[in-house]
There are 2 protein chains.
Amino acid sequence: MVAEFIAAVEAKDIDRALGYLAEDVSYENVPMDPIVGRELTGVVLRGFLEPATEVDWQVSREIVAGNVVVNERVDRFRIGETWVEVPVVGVWEINQDGRITLWRDYFDMETYTSQLSTLTDAG
Amino acid sequence: MVAEFIAAVEAKDIDRALGYLAEDVSYENVPMDPIVGRELTGVVLRGFLEPATEVDWQVSREIVAGNVVVNERVDRFRIGETWVEVPVVGVWEINQDGRITLWRDYFDMETYTSQLSTLTDAG
């Protein structure tokens, strides 16, 4: 389910991606407050992916234990001529219907924002 | 092995903690360069724990898959009257001798440094 969700994100097919989420999903970028609910997650995800012409999330490791999935990834976003790259660990929970109820990413925010601001400075 | 290592860290017993690490361990705080080798890891860990009068790493989730351990934690350090708290996911690899060869922590560096600088400002 997580792999399918990520494939939809990479295709920037937000509607398909949202189909893998439970209605009460909690989407958590750990330094920030949780985003609760499928609809709001869609709004955030759309805004987040919008500037990227390509999205490539490279999963180096995936571990499944019961209803929990953990993946170690490098999330890559092509913005203009540049790839922004962020190392991430995701902790995911899946409910009995096979939908994602928790998507919690651990990463260093500065690693992301510093690459974005380099882009802005150059532009 | 990871649980024993963390217990030794919490006891600030660095020598005991190092006994759980392979000689060629890679200790990685993801935004930073890896620290390679047990001896250097000991130096860094000692310096890192030194200001804390109490160390309390609360593991909320641990998943074991083959020689890989993943744990979701809040690493807490008491410095003076304040608890500094950092949400972390650790990815660990264990070798055939039962020693830790990889300790890779994902976290938001700013979450840590901003709490430390508040302490410094207050002091």
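Residues are numbered from 1 along each chain as its sequence is written, and chains are lettered from A, with ligands numbered from 1, in the order in which they are written. Because the model is predicted, local features need pLDDT of at least 70 and side-chain atom pairs count only at pLDDT 80 or more, whereas totals for chains, interfaces and linings use all residues.

In chain A, six strands form an open sheet of mixed pairing, in the order E2-E1-E6-E5-E4-E3. Strands (at least two residues) and helices (H or I, at least four residues) are DSSP runs numbered from the N terminus, and two strands pair if DSSP finds at least two bridges between them. Strand E2 (35–36) and E3 of chain A pair on one side only and are the edge strands. E4(A) and E5(A) run antiparallel and are joined by 12 bridges; Arg78(A) has Trp83(A) in E5(A) as its bridge partner.

Two helices of chain A pack on this sheet. Helix H1 (residues 2–10) touches E3, E4, E5 and strand E6 (100–106) of chain A, and its direction makes about 175° with that of E3(A). Helix H3 (residues 38–49) touches strand E1 (21–29), E2 and E3 of chain A, at about 50° to the direction of E1(A). Axes are lines fitted to C-alpha atoms, for helices over the stretch in contact, and angles run from 0 to 180 degrees between N-to-C directions.

In chain B, strand E3 (residues 54–65) and strand E4 (residues 68–79) run antiparallel, joined by 11 bridges, with Glu62(B) opposite Asn71(B) in E4(B). The hairpin of E3(B) and E4(B) has two residues between the strands, and Gly66(B) takes a positive phi near 60°. E4(B) also pairs in the antiparallel sense with strand E5 (residues 82–94) of chain B, over 12 bridges. Phe77(B) stands opposite Val84(B) in E5(B). The hairpin of E4(B) and E5(B) has two residues between the strands, and Gly80(B) in the turn has a positive phi of about 60°.

Between the chains, 16 residues of chain A are in contact with 16 residues of chain B, contact requiring C-beta atoms, placed from the backbone, within 7 Å. Strand E3 (54–65), strand E4 (68–79), strand E5 (82–94) and helix H4 (109–122) of chain A each supply at least two residues of the side that touches chain B. Since 100% of the interface residues of chain A are also interface residues in chain B, the copies meet through the same surface.
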